[in-house]
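Here are some notes for a colleague who is meeting this structure for the first time. Please keep the sequence and the 3D view open while reading the points below.

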Amino acid sequence: MTQIFPLSEGTFTIGHDKIFRPFNQTNDELNDRPTGSLLVEVQPFVIVNDKDIILLDTGLGFNNPDGVAHLPDNLKKHNIHPEDVTKILLSHLHKDHAGGIDINLFPNATFYIYQNEMDFAIQTGYPSYYVEELLPLKTCNRVNWLNGENGTIDGYIHYEHTNGHCPQHIVFKIESETGIIFYGGDEAPQYKQMKMKYVAKYDFDGKKAMQLREEWALEGAREGWQFLFYHDVKTPIAKML
Ligand SMILES: [Zn+2]
């Protein structure tokens, strides 16, 4: 049986400086934030099936208020130790998706990363990417570099190159006994964006991303996909009706 657990890291505010700051919805005032700030929820996922324990993106790499890193702490809530993780799939390497990436924390995991995204991240750098945190991956023999417009991992995890949110993004379709689990990363970050026509200013090609979401919403509704939303703590997992 396949189980899916969202690993919420909470809500953050980001301003023009692109720095993520924790935002406490009960205490912090929305209006105290600099104008133009975005409120963003962050939430990796872990999928457990008969073959693998799979992480989908690795979060911000921040600590919770007790000073413990979010990702291992959130895994522990589901009785998963970092050394149990077998696969880590990265949709792209923006710092809010690859922040907790640590090859030593996950000694038994294979990392699946789009080769072109790694090259792009190193060229582009800060503030979208934390290059120093990514560099150890370049020489790690547990990285499986993904190439081409699409492909398949272990016969049941399919990836596709997309270039809406950023030029070298990939999305994943994971087969399960109840159908496709679709993880669109930042191409399909929130449930509400699947329901309405929406061009996001922060996307590389917002129109393209919008078209992709429309196609996936239709296909997913027809085929009963389960969608996982990284930036949507309220609706982490949903089907399209
Ligand atoms: Zn992103």
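This is a predicted model: local features need pLDDT of at least 70, side-chain atom pairs count only at pLDDT 80 or more; totals for chains, interfaces and linings use all residues.

1. Helix α3 spans residues 131-138, and within it Val131, Leu134 and Leu137 are buried. These residues cover an arc of only 100 degrees around the axis, which puts them on the same side of α3. As for what that side meets, the buried residues of α3 pack against β8 (110-114), α2 (115-124) and β9 (143-146).

2. The largest pocket has a volume of about 1000 Å³, and of the 40 residues that line this pocket, Ile14, Leu38, Val40, His165 and Tyr202 are the closest to its centre. Two or more lining residues are given by each of β2 (10-14), β4 (38-42), α2 and α4 (191-195), and the largest share, four residues, comes from β4.

3. By class, the lining of the largest pocket consists of 17 nonpolar, 13 polar and 10 charged residues.

4. The second largest pocket holds about 240 Å³ of space and is lined by 13 residues, among which Glu9, Thr11, Pro22, Phe23 and Pro65 lie nearest its centre. Strand β2 provides the largest share of this lining, with three residues. The lining of the second largest pocket divides into five nonpolar residues, seven polar residues and one charged residue.

How values were computed. Residues are numbered from 1 along each chain as its sequence is written. Side-chain values use heavy atoms; hydrogens and water are left out. Buried means under 20% relative accessible area, exposed over 50%, partly exposed in between (1.4 Å probe, protein chains only). The arc is that of the directions from the helix axis to the C-beta atoms. Contact means heavy atoms within 4.5 Å. On a 1 Å grid over the protein atoms alone, a cavity is a set of points where a 1.4 Å probe fits but cannot get out, and a pocket is an open set with protein on both sides within 12 Å along at least five of seven lines; lining residues have an atom within 4 Å of a point. Grid points are joined across faces, edges and corners, and a volume is the space filled by probe spheres set on the points. Ala, Val, Leu, Ile, Met, Phe, Trp, Tyr, Cys and Pro count as nonpolar, Asp, Glu, Lys and Arg as charged, and the others, Gly among them, as polar.
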